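The sequence and structure are shown first.

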Amino acid sequence: MRVALFITCVNDTLFPGTGKATVTLLRRLGVDVAFPRAQTCCGQMHVNTGYREEGVRLARHFADVFAGYDAVVVPSGSCGAMVREQYPRLAPAATGEVVPKVYELSEFLIDVLGVTDVGAYFPHRVTYHPTCHSLRGLHLGDRPLRLLRNVRGLELVPLPGAEECCGFGGTFAVKNPDISAAMCADKVGNVMSTGAEVLCAADNSCLMHIGGTLTRQKTGVKIMHLAEILAATEVAEP
Amino acid sequence: MSRTFLGMPARALEQSFPSNAAKAVRDSQLRFNLRKATHTIRDKRASVVGELPDWEELRQAGKAIKDHTLRNLDRYLIQLEEAVTAAGGRVHWARDADEANRIVAGLVKATGETEVVKVKSMATQEIGLNDALAAEGVTAYETDLAELIVQLGDDWPSHILVPAIHRSRAEIREIFLERMGEWGRAAPEDLTDDPRALAEAARLHLRERFLSTKVAISGANFMIAESGTLVVLESEGNGRMCLTLPRTLISVVGIEKVLPTWRDLEVFLQLLPRSSTGERMNPYTSTWTGATEGQDFHLVLLDNGRTDVLADEVGRQALRCIRCSACLNVCPVYERAGGHAYGSVYPGPIGAILTPQLRGLGSELDRSLPYASSLCGACYEVCPVAIDIPQVLVDLRAKARHPRAERLGMAAAGWIFNRPGRLARAQRAGGRLRRFVPKRLPGPMSAWTDTRDIPDIPRESFRDWWDRTGGGSR
């Protein structure tokens with residue numbers, strides 16, 4: 001099986017650690033993952049802000065880059081949902097072949113590899129935010145939680161109001177900053193109520209938003225992408 | 001620009017949604033009222049929907065019936081007109097708010113009456129009927145408890161189902177004490193903010209009105225084409241009073257409310273109560289066919305922009321809406337911004353797609369409405385007729401005119417993303433400048449850094465790491 005990594009532009013530029021963790025994890029599970037150099041961005045920011053033409057161009061580019069792979073792994077629920085939900089409407093002919101081969105990381109681990117215990121060790125108190133596009137776009141269900149429950153040493157604490165949006169929403173965060181910040185304040189309050197050391201999600205863009213508020217408020221709670229926890233194998237600073 | 005009027009004062013249109021919302025979000029009383037009310041209804045809905053094993057099938061049936069009806073709307077409307085006429089009613093066609101208001105005012109004046117009682121109706125709110133009647137010397141009295149609160153408080157509705165959702169019990173008590181006497185029977189001086197006491201005061205105030213008023217105005221939740229029957233669902237019994245007691249009944253109904261047959265109604269009588277009030281069955285469901293027992297009955301069929309919406313392949317799904325408000329009650333943006341921020345009688349997620357379609361994208365407010373959403377998808381998930389609100393929002397965003405600075409920024413981002421080499425060079429530049437990025441950004445990006453830190457820019461992008469290390473294998 002030829003497996004490619006779609007890192008996403010946000011991870012590539014701002015969160016390379018998530019990409020490295022994804023590669024480490026997949027190699028440990030025996031998957032030889034390729035990184036097609038020509039990849040850039042899925043086009044979500046353009047499409048969701050109202051710039052459809054740019055988005056269609058990027059969707060076509062995505063289809064070209066990943067043609068010929070059997071599976072494309074995306075460590076982002078939001079970018080995964082963009083491909084699976086919006087590409088069929090934006091560029092059905094060009095992307096029809098690639099779309100069904102695109103998997104969010106937890107889908108790839110559970111549905112394709114059939115693994116729920118990835119052999120990780122992470123002795124910390126963790127709470128998980130399911131993120132809107134993972135939950136209601138890709139319908140990941142409890143896949144990420146099943147993976148986290150099998151991590152040795154990890155104490156998983158439920159997040160109150162987990163299914164509510166954190167208020168990121170791409171350019172929504174700057175177009176409606178007051179509402180976005182109010183939503184995030186409530187999310188942060190819920191995170192703090194769990195007493196968790198680490199807030200985990202399958203999407204770094206939501207984590208960037210919540211994490212930016214967590215550090216601004218000097219809470220000491222750290223953010224970690226699901227891939228980073230699943231890649232961890234020894235006692236280390238989260 | 002479309003001139004469709006949607007029942008809000010002109011001043012509400014001068015401000016964009018973000019600035020309206022920014023004011024509302026700082027009103028802690030409003031935040032408290034909205035949070036408490038929306039979460040209560042949201043939880044009730046979730047529990048009664050969750051107990052139906054075939055909810056998804058019902059939802060798909062509702063969607064299919066509405067889509068079929070909308071595709072054949074011309075045929076069903078004519079069938080409806082024939083059936084209503086055969087049953088002794090009169091049908092009037094109104095292109096827009098002005099025409100509908102003119103027709104209704106003419107009908108009321110022809111009776112010689114100067115007062116009308118009203119059943120809660122979104123269509124008459126949409127066309128601003130009460131103000132239009134007042135200009136003609138006719139006083140319209142709202143009889144739904146929440147609409148009464150809004151009317152007495154000289155206020156605007158902020159929710160489709162619960163128009164006074166922004167008011168607390170204490171505020172309602174104040175309004176009743178201060179204003180009820182000006183409109184009719186006054187509230188008792190020892191009125192408390194106990195819900196039963198407030199309801200009793202409203203009941204006594206309204207009872208006099210029902211018994212003395214000769215003309216009633218309603219909307220309708222559904223119209224059955226095969227029989228010409230109109231259907232109103234309500235919870236207080238005020239609707240039944242208005243529909244049966246007065247001599248003349250005038251119903252103003254949007255053209256998309258028609259259903260082909262009584263069998264179709266069965267689906268919606270299950271979908272609507274569970275989605276709106278979180279009840280298994282609706283308390284008062286009134287149906288009437290034409291003119292009954294010597295009443296005069298007039299049906300005003302309202303277009304007011306709906307035909308234009310029907311012409312839009314993506315946006316037309318908004319016409320499936322049965323005004324249940326489930327999307328408002330789950331929306332994190334509505335919960336914090338409140339209904340008035342949307343500048344239309346249709347607030348929340350459905351308002352964000354309906355208002356700009358009916359009214360057009362001409363004003364700054366209407367252009368900002370499709371962006372009044374984080375696209376979290378909670379609205380689509382609860383919609384009983386499966387309106388993909390996020391899809392319509394994104395589609396409307398593509399039609400809206402964008403600010404110049406944003407256009408330039410998006411063009412620059414597009415230029416970078418079009419070539420992986422450009423992306424790599426931009427990332428390296430960012431990596432070199434990482435230490436010089438300030439904690440607080442200037443200009444429009446300060447909207448991010450006012451409340452949030454920006455992430456540390458890494459020294460090396462993922463793609464450069466991959467190239468340098470062979471994906472970690474060197």
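In this predicted model, L5 of chain A has V73(A) as its bridge partner in β3(A). That pair belongs to a parallel arrangement in which strand β1 (residues 3–5) of chain A is joined by three bridges to strand β3 (residues 71–74) of chain A. Strand β3(A) also pairs in the parallel sense with strand β4 (residues 102–104) of chain A, again over three bridges. Within this second pairing, V74(A) is bridged to E104(A) in β4(A).

| Strand pair | Sense | Bridges | A bridged residue pair |
|---|---|---|---|
| β1(A) and β3(A) | parallel | three bridges | L5(A) and V73(A) |
| β3(A) and β4(A) | parallel | three bridges | V74(A) and E104(A) |

**Domains of chain A**

Chain A is divided into domain 1, covering 3–112, and domain 2, covering 125–231. Taken over C-alpha atoms, the centres of domain 1 and domain 2 of chain A are separated by 21 Å. Where the domains of chain A meet, 28 residues of domain 1 are in contact with 23 residues of domain 2. On the side of domain 1 that touches domain 2, the elements giving two or more residues are α1 (9–14), α2 (16–28), α3 (44–49), α5 (77–90) and α7 (105–112) of chain A. The residues on that side of domain 1 of chain A comprise eleven nonpolar, 13 polar and four charged.

**Nonpolar core**

The largest nonpolar core contains 212 residues, and those touching the most other members are I229(A), L230(A), M223(B), V252(B), L302(B), C327(B) and I389(B). Helix α11 (residues 177–194) of chain A supplies the largest share of this core, with seven residues. Which residues does L230(A) contact, once its neighbours within four places in sequence are left aside? They are L25(A), V118(A), A120(A), L147(A) and V151(A).

**Overall form of chain B**

The secondary structure of chain B consists of 24 helices and ten strands. Chain B has a radius of gyration of 25 Å, close to the 23 Å given by the globule rule for 474 residues, and is therefore as compact as a globular protein of that length. Its C-alpha trace spans about 90 × 55 × 45 Å along the principal axes. Of the 474 residues in chain B, 49% are buried. Among contacts in chain B between residues at least 6 apart in sequence, 76% join residues at least 24 apart.

Methods:
Residues are numbered from 1 along each chain as its sequence is written. Chains are lettered from A and ligands numbered from 1 in the order in which they are written. This is a predicted model: local features need pLDDT of at least 70, side-chain atom pairs count only at pLDDT 80 or more; totals for chains, interfaces and linings use all residues. Two strands pair if DSSP finds at least two bridges between them. Helices (H or I, at least four residues) and strands (E, at least two) are DSSP runs, numbered from the N terminus. Domain bounds come from an automatic or database domain assignment. Two residues are in contact if their C-beta atoms, placed from the backbone, lie within 7 Å. Ala, Val, Leu, Ile, Met, Phe, Trp, Tyr, Cys and Pro count as nonpolar, Asp, Glu, Lys and Arg as charged, and the others, Gly among them, as polar. A nonpolar core is a set of buried Ala, Val, Leu, Ile, Met, Phe, Trp, Tyr and Cys residues joined through C-beta atoms within 7 Å. A residue is buried if 20 or more other C-beta atoms lie within 10 Å of its own, exposed if 12 or fewer, and partly exposed in between; C-beta atoms are placed from the backbone. The radius of gyration is taken over C-alpha atoms; the globule rule is 2.2 Å times the number of residues to the power 0.38.
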